[in-house]
Amino acid sequence: QEALYKVEQALEEKFASLKGNWNQLAASAIVADSIYDKQVIVTDISECVKQVESRADWDVPQRSQASSLITLFSSTSTIAALGGNCNTTPPAGDWDFPQSYGTGSVSPAGLQASDIDVIQRGNQRIVFLGTTHSAASSDDLWVFDVTDATTPTLLGSVNIAPATIGGKGNVNGLVAAGNYVYLALDETDTQFAVVDTSTLTAPTVVATSSLSGVDPAGTAPEGESIAFYNNTVYLGTRYTAGPEFHIFDVSTPASPTEYVNALGAPLELNHNVNHLVMRGTNAFVASSADSCELMVIDASNPASMTNPCPVPPIPAGNWVFDASGDEDGTAVAVLGGHAYLGRESTNTAGEDELYVLDISDLTSIQSDASLDLGLNPSWAEVNDISVSGPLIFLATADSGDEFQVWFLDTPNIISPSSCDNTFNFPEMATGVDFMDNLGFVSVRSNDALQVIYDDPSCTP
């Protein structure tokens, strides 16, 4: 009873801490207290959910004793800032044998899925799938009901191009928030679109926009990556004639307004913004910079942003991470005190393709763990990353292991067991999301939507 009291007390103290600063809630060291060794273990499940275990261990003659309480804490403010787009279910099982659960197709044949996002909408679990194609007449955004994950049901789709921009409307990146989906388009002069999905069976384009300062006749002006946080959309391009990092106020989604200020926004980086995610007001960018495969941009004030990766040498204390070798950063995820960075295939000993980075001090980002994925062929890369607890889910262009699951056991990244932690699709995986203990993957094949589960049949 005494131990249980101490456990409850430590749990309440952590609860008080997280109300003050959600992102700084971290595990405590083992503290000796009388006859007890007390510890609080914090596991980040997603951006909005943390699993907290408070325990007390002690010894009596002949044996050890323990008292423990485990609970889940949710940040409602973070859920709201993400537009409700946050997984609230911890992973179950060891995810050491991923297998196909259900698939969904788009038409006509030849459409290639480019990105994916999953969101809970009432009692429905909804997948939004972006595609690329060669015909302007094809639809570009697809809506699936995956409440029954074994049988994804196509609800609706929309053609971005003919009625709005006159191009093909190909989607390079997308993010869902509330009743809207925001798109980074593979277009030279209309790179941003907003789709109202209030009626899931009839998604409607309600706004499009070009990017301020980007020369449509220049090199690679197309939209490449996109993120949402707190009624704000962040959009990146490849290295182009003009700024590569753009910010839109979408407080009124049908009337987006780009922040334009000569001192900061939009921001010229002189590198590809291959992928980006937001953590609060910090943008984490997987970039093409040889000395800054990861950049972190303070976007708290769009009028005064600065490039953290100027022409080398990079000043000490800048918010960047330089991975060994010159292969690009291609995917990034952030969870708790870590950023997860994926790269192009290195094919060089000592140059890894997956990094887990300690971001507790952004002026000195350090690698906690890294792994050579052995991506094949030589042009393969990590296209997307989703993280829940210690599990790292990858969508890659590897010709035999497009979907991969890894386990973070600092300072190592290991396979969950001796079972096969990968799954082979007909074509490359372009995006991945994790929700309700299921993996949702976009694939460049006829079965563009793939749902993956942890098959318990393999016993290591």
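Is Cys 309 buried or exposed, and what is its relative accessibility? Cys 309 has a relative accessibility of 4%, so it counts as buried. What you are looking at is a predicted model.

A disulfide is a covalent bond between the sulfur atoms of two cysteines. With sulfur atoms within 2.5 Å taken as the criterion, the count for this protein comes to three disulfides. If you number the bonded cysteines in sequence order, they pair as 1-2, 3-4, 5-6. Let us visit the pairs in that order.

Start with Cys 48 and Cys 86, which form a disulfide with their sulfur atoms 2.1 Å apart. This pair links distant parts of the chain, 38 residues apart. You will find Cys 48 in the loop between strand E2 (36-46) and strand E3 (49-60), while Cys 86 sits in the loop between helix H2 (76-81) and strand E5 (98-104). Both Cys 48 and Cys 86 are buried. The angle about their S-S bond is -110°, and the link is left-handed.

Next, return to Cys 309. Its disulfide partner is Cys 292, and the two sulfur atoms lie 2.1 Å apart. Cys 292 belongs to strand E20 (residues 292-298), whereas Cys 309 is in the loop between E20 and strand E21 (320-321), so the bond ties together parts that are 17 residues apart in sequence. Cys 292 has 0% relative accessibility and therefore counts as buried, and Cys 309, at 4%, is buried too. Here the link is right-handed, with 85° about the S-S bond.

Finally, move along to Cys 419 and Cys 458, joined by a disulfide with an S to S distance of 2.0 Å. Cys 419 lies in the loop between strand E29 (412-414) and strand E30 (422-423), and Cys 458 is in the segment after strand E33 (449-454), so this pair ties together parts that are 39 residues apart in sequence. The link between Cys 419 and Cys 458 is left-handed, with -95° about the S-S bond.

Note on methods: Residues numbered from 1 in each chain as written. Predicted model: local features only at pLDDT ≥ 70, side-chain atom pairs only at ≥ 80, totals over all residues. Heavy atoms only, no water. Helix = DSSP H or I, 4+ residues; strand = E, 2+ residues; numbered from the N terminus. Buried < 20%, exposed > 50% of the residue type's maximum accessible area, 1.4 Å probe, protein only.
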